[in-house]
Amino acid sequence: MTAQPSEYHRRVAAQKRTAIVEAATKLFLDSGYDGTSLARIAEAAGVSRATLFKQFATKAALFEAIVTEHWKADDEAPLPEPGNLRAGLEAIGRRYVALLTRPGMAALFRIVIAEVPRFPELGETQFKLGKMPYFESVRRYLAAENAAGTARLDDAEMAATQFLGMISNYVFWPRMLLAHWEPDDAAVADAVDQAVLTMLARYGVPGSRGA
């Protein structure tokens, strides 16, 4: 029978994994994906090469882990139940802001944008493992509101694109060009509120809860 790792060893392994992911993110941003070797990442993370290869056999696998880690919501609670479109959109909007403004998210996008002409697979990884799973969860939520009769929409995918786009176009995308773009909490909250009001005006069912 194979002995199971102790809680201590699991905690140490998790700490090393975090150190590797953080070191790789910084090196990819500073030196580029192609210009960063796994050996340099191991050195920067303060782990042995054997430890790094045990967790990530290839640089592509490490990049996939970076994408998955950055898009993993801090709040693991499920999306809101349908029935109150306003409350549901407000909750999703706040969660999306927290995701887009978490440390390292802007750096991840900069890495992909800089490297995708030479390494298109990085863009595909970011899209498939990062953006799309979150986007799909919002699409499913809006489709559920439509089925519940609290929203009226023909295309849940387009509605999700519009809602998330209204928020990210203020909260996130200016950071790609403006190094000091840091709207305060009140401005960010207002951006979410305005996006919710726009969605309610376009897709809300008059007289329904939250409309």
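The structure is a predicted model, in which local features need pLDDT of at least 70 and side-chain atom pairs count only at pLDDT 80 or more, whereas totals for chains, interfaces and linings use all residues. Residues are numbered from 1 along each chain as its sequence is written, and side-chain values use heavy atoms, with hydrogens and water left out.

Helices are DSSP runs of H or I with at least four residues, numbered from the N terminus. Helix α8 comprises 16 residues, 156-171, and reaches 23 Å from its first C-alpha to its last, close to the 22 Å expected at 1.5 Å a residue; the expected span is 1.5 Å times one less than the number of residues. The N-terminal end of α8 is capped by Asp155, of which a side-chain oxygen lies 3.1 Å from the backbone nitrogen of Glu157. Several residues of α8 are buried, including Ala156, Phe163, Leu164, Ile167 and Val171. Here, buried means under 20% relative accessible area, exposed over 50%, and partly exposed in between, with a 1.4 Å probe and protein chains only. The buried residues of α8 pack against α5 (85-100), α7 and α9 (185-203).

Helix α7 spans residues 120-148 and contains Glu145. Glu145 counts as buried because its relative accessibility is 0%. A polar contact of 2.3 Å joins the side chain of Glu145 to the side chain of Thr150. Such a contact is a pair of N or O atoms within 3.5 Å; within protein, one must be able to donate a hydrogen and the other to accept it, and residues adjacent in sequence count only if both atoms are side-chain atoms. When neighbours within four places in sequence are left aside, Glu145 is in contact (heavy atoms within 4.5 Å) with Glu81, Pro82, Gly83, Asn84, Leu85, Thr150 and Ala151.

Aromatic pairs were also examined. Rings of Phe, Tyr and Trp (its six-membered ring) pair if their centres lie within 6.5 Å; planes under 30 degrees apart count as stacked, over 60 as edge-to-face and the rest as tilted. By this rule there are 10 aromatic pairs. One of them is edge-to-face and is formed by Tyr33 and Phe119, at 5.2 Å centre to centre and 65° between the planes. This pair links distant parts of the chain, 86 residues apart: Tyr33 is in the loop between α1 (7-31) and α2 (38-45), and Phe119 in the loop between α6 (105-115) and α7. Both Tyr33 and Phe119 are buried. The pair of Phe109 and Trp173 is edge-to-face because the ring planes stand at 90°, with the centres 5.3 Å apart. It connects helix α6, which holds Phe109, with the loop between α8 and α9, where Trp173 is found, 64 residues apart. Phe109 is buried, at a relative accessible area of 13%, whereas Trp173 is partly exposed at 37% relative accessibility. Phe28, Tyr33, Phe63 and Phe119 form one aromatic cluster.

The UniProt annotation "DNA-binding region", from an unreviewed entry, covers residues 37-56. The span is 75% helix and 0% strand, and its end C-alpha atoms lie 12 Å apart. Phe56 lies in the loop between α3 (49-55) and α4 (59-71) and is buried, with a relative accessible area of 3%. Leaving aside neighbours within four places in sequence, Phe56 is in contact with Arg17, Ile20, Val21, Ala61, Leu62 and Ala65.

Methods
Helix = DSSP H or I, 4+ residues; strand = E, 2+ residues; numbered from the N terminus. UniProt positions renumbered as here; feature names shortened; annotations may be inferred.
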